[in-house]
Amino acid sequence: MNIKQKNIFLPSLIALEVTRRCVLNCAHCRAGAEDKSYENELITTEILDFLADVASFSKPIIILTGGEPMLRDDIFDIARYGTELGLRMVMAPCGIWVTEEKAKKMIDAGIRRISLSLDGATGESHDRFRGQSGSFDAVMSAMENAKKVELEFQINTTITKDNINELEKILEIAIKSGAVAFHPFLLVPTGRAKGMIDKELSSDEYEETLNQIYELQKKTDILFKPTCAPHYLRIIKQNLTKEKNEKLVCSPNSSVRDIDSKKKISNHSLHHLTKGCMGGQTFAFVSHIGKVQICGFLDLECGDIRKEPFSKIWKKSAIFNQLRDPKNYKGKCGVCEFLSICGGCRARAYAIYNDYLAEEPFCSYLPSGLKR
C-alpha cells in the first residue's frame, strides 16, 4: 500500500517533468518554462527505466507534467508502459492540443485523468495570467473534448490576489464542465512566481481563503483538494470539531459518526487528503534532466536518477529523511499540534527563510503551546 506503515515511507504520487518546453508564458511558472528546446532532457529509455524502478517497490500515481508533456513524440508510449507496469498514469497538459482525437489516444494509452488549469473565470483574466491570447478558449475546448470521450479531468486554479474574487465563478465553470475534481493551488513564490510576491495572499487572507474553500466544499459534490495549502487539514479539523461540538450541544445523544456522515467535507477531504505537505514522504518530483526534488517548487537536488535508481534515492536521501522526522521542524511548525497532518509548506519556508525546515511563513495559526 502507498502509505506510511511502521515508519516505512512509500511514494503515492510522483510528478515526472517529461519536458520543460512550453508554449505558454504563465506568470507563476515554477520552472520559468519557455517555448524552446532544452538540452539534456531525459530520453525515452531513461524514463521507461525510471518507471520500472518505481514499480518495483511501489505503485504510485505518476503525473506526466512539464512544460507541455504533449510536446514529446513518445508521450503515449511512456503512458502505455507505465500502465502496463500497474502504475496509475495521469497527465497535466496545457489544453491547447487536447483534441478529441488526442483525448482518445490518452485513454488508449491508459491515461486515467488529466488536469487542466483555469486561472480566471473569463478569457481576459485567464489569458492575462497565462501570457497567451486564446488560452482560455483552448482550456474550455479541452474540457469538452475530454468529456466527449469520457476522459476524467480536474480543474487546477492558482490563487492570487488578482483572481481570489473569481474563485466561486471558476468553481461554477468546473462543475458545469463536468470536472471530477477542483484543485485550488495557493501560490508558491518560486521560479517565475518570485516576481509575484506582491500577489501572494497574506497569512490572514490565506486563512480566510481556506475557510471559504471549506464552506464552498460543503455545497457541492465535486472533490476539492487544495494544493500547496498544507494547513487546510487543520482548517478541516478545526471546523469539524466546532460543528461537532455545536451539534452535540443541540443533540447530546448524537455520535461523532452521525455528525460527520452528514458533512460532505468528511466524505471528500478526510478520505482523499492524508497529509498537508507530502514532499519527501509520499510525494516526489523528478525534473526533465533527472534531478529528484521533494516537489517542483523546492529546487534542491535530493538525487539524480541518471546516477542511481530512484528507489535508492527515495530511501537514502538526506533531505527526504529530514522531512520524515518531526523533530527536525523549526519555529511554530516544530511545536504545532497539527504538525503531523500539516507540516507547513517547505518550499515557502525555503523561499522566505532560506531554510526548508523553518516554519510556514504564510500561516497565522498560533500553536496551543505558544498561546498565553
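**Helix packing, sheet order and local geometry**

F310 and W314 sit four residues apart in helix 11 (residues 310–316), which means that about one helical turn separates them. In this predicted model, the two residues make an aromatic pair of the tilted kind, with 6.0 Å from centre to centre and 35 degrees between the planes. As for aromatic pairs in general, the structure holds six.

Turning to the sheet, ten strands make up an open arrangement with mixed pairing, and their order reads 7-6-5-4-3-2-1-8-9-10. The edges are taken by strand 7 (223–224) and strand 10 (303–304), each of which pairs on one side only. Elsewhere in the structure, helix 5 (residues 135–148) lies across strand 4 (113–117) and strand 5 (152–159). The direction of helix 5 is at about 160 degrees to that of strand 4.

Helix 5 also packs against helix 4 (residues 123–130), this time at an angle of about 105 degrees and with the axes 7 Å apart. Angles from 65 to 115 degrees count as roughly perpendicular, so that is the label for helix 4 and helix 5. On the helix 4 side the contact uses G123, H126, D127 and R130, while helix 5 brings in S135, F136 and V139. Sorted by class, the residues in this contact of helix 4 with helix 5 come out as two nonpolar, three polar and two charged.

Next come helix 1 (residues 44–55) and helix 2 (residues 75–84), which pack at about 20 degrees with their axes 10 Å apart. The crossing of helix 1 past helix 2 is right-handed. Helix 1 supplies I47, L48, L51 and A52 to the contact, and helix 2 supplies I78, Y81 and G82. In class terms, six nonpolar residues and one polar residue take part in the contact of helix 1 with helix 2, with no charged ones.

A further helix pair is formed by helix 6 (residues 167–177) and helix 7 (residues 203–217), with an angle of about 35 degrees and 12 Å between the axes. Helix 6, too, makes a right-handed crossing as it passes helix 7. The residues in contact are L167, E168 and L171 from helix 6, together with Q212, I213 and L216 from helix 7. By class, the contact of helix 6 with helix 7 has four nonpolar residues, one polar and one charged.

That leaves a couple of backbone details. Most residues other than glycine have a negative phi, and most peptide bonds are trans. Against that background, the peptide bond from G66 to G67 is cis, with omega near 20 degrees. G67 belongs to the loop that runs between strand 2 (61–65) and helix 2. N40, a residue other than glycine, has a positive phi, near 65 degrees. As for its setting, N40 is in the loop between strand 1 (13–17) and helix 1.

How values were computed:
Residues are numbered from 1 along each chain as its sequence is written. This is a predicted model: local features need pLDDT of at least 70, side-chain atom pairs count only at pLDDT 80 or more; totals for chains, interfaces and linings use all residues. Side-chain values use heavy atoms; hydrogens and water are left out. Axes are lines fitted to C-alpha atoms, for helices over the stretch in contact, and angles run from 0 to 180 degrees between N-to-C directions. Helices (H or I, at least four residues) and strands (E, at least two) are DSSP runs, numbered from the N terminus. A crossing is left-handed if the near helix is turned anticlockwise from the far one by less than a right angle, and right-handed if clockwise. Contact means heavy atoms within 4.5 Å. Ala, Val, Leu, Ile, Met, Phe, Trp, Tyr, Cys and Pro count as nonpolar, Asp, Glu, Lys and Arg as charged, and the others, Gly among them, as polar. Two strands pair if DSSP finds at least two bridges between them. Rings of Phe, Tyr and Trp (its six-membered ring) pair if their centres lie within 6.5 Å; planes under 30 degrees apart count as stacked, over 60 as edge-to-face and the rest as tilted. Angles under 35 degrees count as roughly parallel, over 145 as roughly antiparallel, 65 to 115 as roughly perpendicular and the rest as oblique.
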